[in-house]
Amino acid sequence: QATVSTLICLLTGCAAGNAQLAPPTVVAPTVTVHPTLRQCQERLAEARSAREAVVLAGAATAVDLGRVLGPYNRLSIALDNADAESSLMRSVHPDAAVRDAAESCEKQVASLRTELGLDRPLYDTVTRLKLDGQPADVVRLVSKTIEDFQRAGVDKDDATRARIRAINDALVEVAQAFTKGIASDVRWIDLDPARLKGMPEDWVA
């Protein structure tokens with residue numbers, strides 16, 4: 001009986017003058033992120049931060065051109081860098097782990113690109129820019145940016161925008177499957193070296 005009482009006491013916290021037992025320490029599992037994917041996520045975080053800066057500048061009573069185009073440029077650079085790096089590494093890197101990480105990154109980049117293309121606050125900020133007296137290249141930049149938003153479907157209804165997201169996600173899957181087939185193909189053909197005259201030496205090798 002005493003042993004059972006002691007066990008009950010220990011389980012319910014009545015030991016040591018009814019002092020509560022300290023809860024067990026729970027150690028969260030360590031999640032290792034591949035360096036390629038980590039760099040990608042940093043690029044995407046830069047793009048999201050720049051997007052917030054653009055929208056914040058657009059919330060001002062008088063929208064300042066430089067405060068909008070500066071971070072918008074940083075957004076574009078971060079997104080394009082992540083896109084280019086992931087696409088290249090997925091296609092040519094000899095390490096399968098790197099290729100897999102790059103493939104995941106490429107999907108995240110495409111998803112964010114679609115999200116930004118349909119981002120109404122971002123679009124509204126760009127359309128509020130006053131271009132009177134601005135150089136022709138600035139006017140063209142802003143005009144083309146607005147056209148890109150409209151082609152992406154930013155001014156469509158919610159159902160259409162959702163459909164656009166689904167289509168873009170499917171296109172990424174199809175494109176990756178297609179290029180993966182090319183990258184993993186190890187077939188070859190034998191040719192007479194004379195027929196390769198004029199080709200770069202590293203390509204012939």
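Predicted model: local features only at pLDDT ≥ 70, side-chain atom pairs only at ≥ 80, totals over all residues.
Leu79 sits in helix α4. Leu79 is buried, because its relative accessible area is 4%, under the 20% cut-off. Setting aside neighbours within four places in sequence, Leu79 contacts Leu44, Val109, Leu112, Arg113 and Leu116. The C-alpha atom of Leu79 is separated by 6.1 Å from that of Ala47. Along the chain, Leu79 and Ala47 are 32 residues apart.

## Overall make-up

The protein has nine helices and zero strands. From the N terminus on, the order of elements reads α-α-α-α-α-α-α-α-α. Of its 205 residues, 25% count as buried.

## Helix pairs

Two packed helices are described by the angle between their axes and the distance between the axes.

| Pair | Angle | Axis distance | Handedness |
|---|---|---|---|
| α3 and α4 | about 160 degrees | 8 Å | left-handed |
| α6 and α7 | roughly 150 degrees | within 10 Å | left-handed |
| α3 and α5 | roughly 10 degrees | within 8 Å | right-handed |

### α3 with α4

Helix α3 covers residues 35-58, and helix α4 covers residues 65-92. How are α3 and α4 oriented to each other, parallel or antiparallel? Their axes pack at about 160 degrees. Angles over 145 degrees count as roughly antiparallel, so α3 and α4 are roughly antiparallel. The crossing of the two is left-handed.

On the α3 side, the contact uses Gln39, Arg43, Leu44, Glu46, Ala47, Ala50, Arg51, Ala53, Val54 and Ala57. These meet Arg67, Val68, Pro71, Tyr72, Arg74, Leu75, Ala78, Leu79, Asn81, Ala82 and Glu85 of α4. By class, the contact has 13 nonpolar, two polar and six charged residues. Leu79 belongs to the α4 side of this contact.

### α3 with α5

Helix α5 covers residues 96-117. The axes of α3 and α5 cross at roughly 10 degrees. Angles under 35 degrees count as roughly parallel, so α3 and α5 are roughly parallel to each other. Their crossing is right-handed.

From α3, the contact takes Thr36, Leu37, Cys40, Gln41, Leu44, Ala47, Arg48 and Arg51. From α5 come Val98, Ala101, Ala102, Ser104, Cys105, Gln108, Val109, Leu112 and Leu116. The classes are 11 nonpolar, four polar and two charged.

Leu44 of α3 takes part in the contact with α4 and in the contact with α5. Leu44 is also a contact of Leu79. Val109, Leu112 and Leu116 of α5 belong to the contact with α3, and these residues are among the contacts of Leu79.

### α6 with α7

Helix α6 runs over residues 120-127 and helix α7 over residues 136-152. The axes come within 10 Å and cross at roughly 150 degrees. That makes α6 roughly antiparallel to α7. The crossing is left-handed.

Leu122, Tyr123, Val126 and Thr127 of α6 meet Val142, Thr145, Ile146, Phe149 and Gln150 of α7. The residues divide into six nonpolar, three polar and no charged.

## Two residues of α7

Thr145 lies in helix α7. Thr145 has a relative accessible area of 10% and is buried. Beyond residues up to four places away in sequence, Thr145 touches Tyr72 and Val126. Val126 is in α6, whereas Tyr72 is in α4.

Asp148 is also found in helix α7. Is Asp148 buried or partly exposed? Asp148 is partly exposed, with a relative accessible area of 42%. The C-alpha atoms of Asp148 and Tyr123 are separated by 9.8 Å. Those two residues are 25 apart along the chain.

Gln176 lies in helix α8, residues 158-183. With 3% relative accessibility, Gln176 counts as buried. Which residues does Gln176 contact, leaving aside neighbours within four places in sequence? The contacts are Arg90, Glu103, Glu106 and Lys107.

Key
Residues numbered from 1 in each chain as written. Heavy atoms only, no water. Helix = DSSP H or I, 4+ residues; strand = E, 2+ residues; numbered from the N terminus. Buried < 20%, exposed > 50% of the residue type's maximum accessible area, 1.4 Å probe, protein only. Axes fitted to C-alpha atoms, helices over the stretch in contact; angles between N-to-C directions. Parallel < 35°, antiparallel > 145°, perpendicular 65-115°, else oblique. Left-handed = near helix turned anticlockwise from the far one by under 90°. Contact = heavy atoms within 4.5 Å. Nonpolar A, V, L, I, M, F, W, Y, C, P; charged D, E, K, R; others polar.
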